[in-house]
Amino acid sequence: MDDIGGRILNPVVMGTLALAGLAYGRVLWSLNLRPTTILVVTAIAPGAIFLLTMWLIRAAQGTPSIIWPALLIDFTVYATSGVLAVLIARRRTKR
């Protein structure tokens, strides 16, 4: 990847991740995780911890890379859109 900044800010990439996050939201909805804190931690923490750990290991080896933070941003967009989809669906089903 030569242009990491351009890739992160690319609207097509962000849109694709957000749409994939909606499918992830469907999976999260089927798990019926309550309360909201449990939903957020279950959805976001594992992938974020993995990517952050990989970046720290690479940095400790002396070869830090900008790719891992970019993937962390991508995963955050993906997981957050899934969580938001579940939260919106919960609000609509309460009515």
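What follows is a short chat about a predicted model of one chain.

Q: What does the secondary structure come to, helices and strands?
A: The chain has 4 helices and 0 strands. From the N terminus on, the elements run α-α-α-α. This is a predicted model, so read every value as computed.

Q: What are the spans of the C-alpha trace?
A: Along its principal axes the trace spans about 55 × 30 × 15 Å.

Q: And how much of the chain counts as buried?
A: Of the 95 residues, 25% count as buried. The chain exposes about 6300 Å². Carbon and sulfur atoms supply 69% of that area.

Q: What share of the contacts joins residues 24 or more positions apart?
A: The share is 75%, counted among contacts with a separation of 6 or more.

Q: Which residues make up the largest nonpolar core?
A: That core has 11 residues. They are Tyr24, Leu28, Leu33, Leu39, Ala43, Leu51, Trp68, Phe75, Ala79, Val83 and Val86. H2, helix H3 (36-60) and helix H4 (67-94) each supply at least two of the core residues.

Q: Which helix gives the largest share of this core?
A: H4 does, with 5 residues.

Q: Pick Leu39. What is leucine 39 in contact with, leaving aside neighbours within four places in sequence?
A: Leucine 39 is in contact with Leu28, Leu33, Val83, Val86, Leu87 and Arg90.

Q: Back to H4. How far apart are its end C-alpha atoms?
A: They are 41 Å apart. At 1.5 Å a residue, the 28 residues of H4 should span 40 Å, which agrees.

Q: Which residues of H4 are buried?
A: Trp68, Ala70, Asp74, Phe75, Ala79, Ser81, Gly82, Val83, Val86 and Arg90 are buried. The buried residues of H4 pack against helix H1 (4-8), H2 and H3.

Q: New topic: rings. How many aromatic pairs are there?
A: The structure holds 2 aromatic pairs. In one of them, the rings of tyrosine 24 and tyrosine 78 have their centres 4.9 Å apart. Their planes are at 20 degrees, so the pair is stacked.

Q: Where do those two tyrosines lie?
A: Tyrosine 24 lies in helix H2 and tyrosine 78 in helix H4. The pair therefore ties together parts that are 54 residues apart in sequence.

Q: Is tyrosine 78 buried or partly exposed?
A: Tyrosine 78 is partly exposed, with a relative accessible area of 23%. The rings of phenylalanine 75 and tyrosine 78 have their centres 5.9 Å apart. Their planes are at 50 degrees, so this pair is tilted.

Q: How many residues apart are phenylalanine 75 and tyrosine 78 in helix H4?
A: They are 3 residues apart, so about one helical turn separates them. Ring pairs link Tyr24, Phe75 and Tyr78 into a cluster.

Q: What about the accessibility of tyrosine 24 and phenylalanine 75?
A: Tyrosine 24 is at 18% relative accessibility and counts as buried. Phenylalanine 75 is at 17% and also counts as buried.

Q: Last one: where is threonine 16?
A: Threonine 16 is in helix H2 (residues 11-31). At 49% relative accessibility, threonine 16 counts as partly exposed. The C-alpha atoms of threonine 16 and isoleucine 44 are separated by 18 Å.

Note on methods
Residues are numbered from 1 along each chain as its sequence is written. This is a predicted model: local features need pLDDT of at least 70, side-chain atom pairs count only at pLDDT 80 or more; totals for chains, interfaces and linings use all residues. Side-chain values use heavy atoms; hydrogens and water are left out. Buried means under 20% relative accessible area, exposed over 50%, partly exposed in between (1.4 Å probe, protein chains only). Contact means heavy atoms within 4.5 Å. Accessible areas come from the Shrake-Rupley method with a 1.4 Å probe; for residues, only the protein chains shown count as cover. A nonpolar core is a set of buried Ala, Val, Leu, Ile, Met, Phe, Trp, Tyr and Cys residues joined through side-chain atoms within 4.5 Å. The expected span of a helix is 1.5 Å times one less than its number of residues. Rings of Phe, Tyr and Trp (its six-membered ring) pair if their centres lie within 6.5 Å; planes under 30 degrees apart count as stacked, over 60 as edge-to-face and the rest as tilted.
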